[in-house]
Amino acid sequence: MHLKSTGTLGELIDADYGVIAYCDVHDRRFGRCGHSAWLDVEALAVRFGRDHGALASDLVPKLRCRKCGRKEASLRLHPPNAWSRGRRKS
Ligand SMILES: [Zn+2]
């Protein structure tokens, strides 16, 4: 199954896509943060609604890096694969 558009949180869930956020913070003193984490898309959809946009410009302002506390992330979409199949029992 492929995403029909860049879409919404609901479309990501329906297509079983995963999203990883990569922290882009590059600090002169501390170097690159480099933190990355899978987003809990379903939790985001509960919070913001399934119709909320799933673009980086929609989501990044709502995210905060757990390591450095800044809000400069980039998102990468991952099609359904082993990680998502392993999560589901069906
Ligand atoms: Zn960070």
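Two strands count as paired if DSSP finds at least two bridges between them. Helices (H or I, at least four residues) and strands (E, at least two) are DSSP runs, numbered from the N terminus. With that in hand, look at Ile-20, which stands opposite Arg-76 in β5.

A word on what you're looking at. This is a predicted model, in which local features need pLDDT of at least 70, side-chain atom pairs count only at pLDDT 80 or more, and totals for chains, interfaces and linings use all residues. Residues are numbered from 1 along each chain as its sequence is written.

How far can you trust it? The score to go by is pLDDT, the predictor's confidence in each residue, from 0 to 100. For the protein chain the mean pLDDT is 87, with 83% of the residues at 70 or more. Among its elements, helix α2 (residues 41–48) has the highest mean, 96, while helix α4 (residues 82–87) has the lowest, 56. Where pLDDT is low, the predicted coordinates should not be read in detail.

Now for the layout. The protein chain has 4 helices and 5 strands, and from the N terminus on they run α-β-β-β-β-α-α-β-α. Three of the strands make an open sheet in the order β4-β1-β5, with antiparallel pairing. At the edges are β4 (36–38) and β5 (73–78), each pairing on one side only. From one strand to the next, the twist averages 20° (axes are lines fitted to C-alpha atoms, for helices over the stretch in contact, and angles run from 0 to 180 degrees between N-to-C directions).

Strand β1 covers residues 18–23 and pairs with β4 over 3 bridges. On that side, Ala-21 stands opposite Ala-37 and Tyr-22 stands opposite Ser-36. As for β5, 6 bridges join it to β1, again running antiparallel.

Asp-16 is in the loop between α1 (9–14) and β1, and its phi is near 60°, a positive value in a residue other than glycine. Most residues other than glycine have a negative phi. Asp-16 counts as partly exposed because it has 16 C-beta neighbours inside 10 Å. For reference, a residue is buried if 20 or more other C-beta atoms lie within 10 Å of its own, exposed if 12 or fewer, and partly exposed in between, with C-beta atoms placed from the backbone. By that count, 11% of the 90 residues of the protein chain are buried.

Val-25 is partly exposed, since 18 other C-beta atoms lie within 10 Å. Two residues are in contact if their C-beta atoms, placed from the backbone, lie within 7 Å. Leaving aside neighbours within four places in sequence, Val-25 touches Cys-33, Cys-65, Cys-68, Arg-70 and Glu-72 in this sense. From Val-25 to His-35, 10 residues along in sequence, the C-alpha to C-alpha distance is 9.0 Å.

Finally, find Leu-63 in the loop between α3 (56–59) and β5. With neighbours within four places in sequence set aside, Leu-63 is in contact with Ala-21, Lys-71 and Ala-73. Leu-63 and Leu-39 are 24 residues apart in sequence and 9.3 Å apart in space, C-alpha to C-alpha. Across the protein chain, 64% of contacts between residues at least 6 apart in sequence join residues at least 24 apart.
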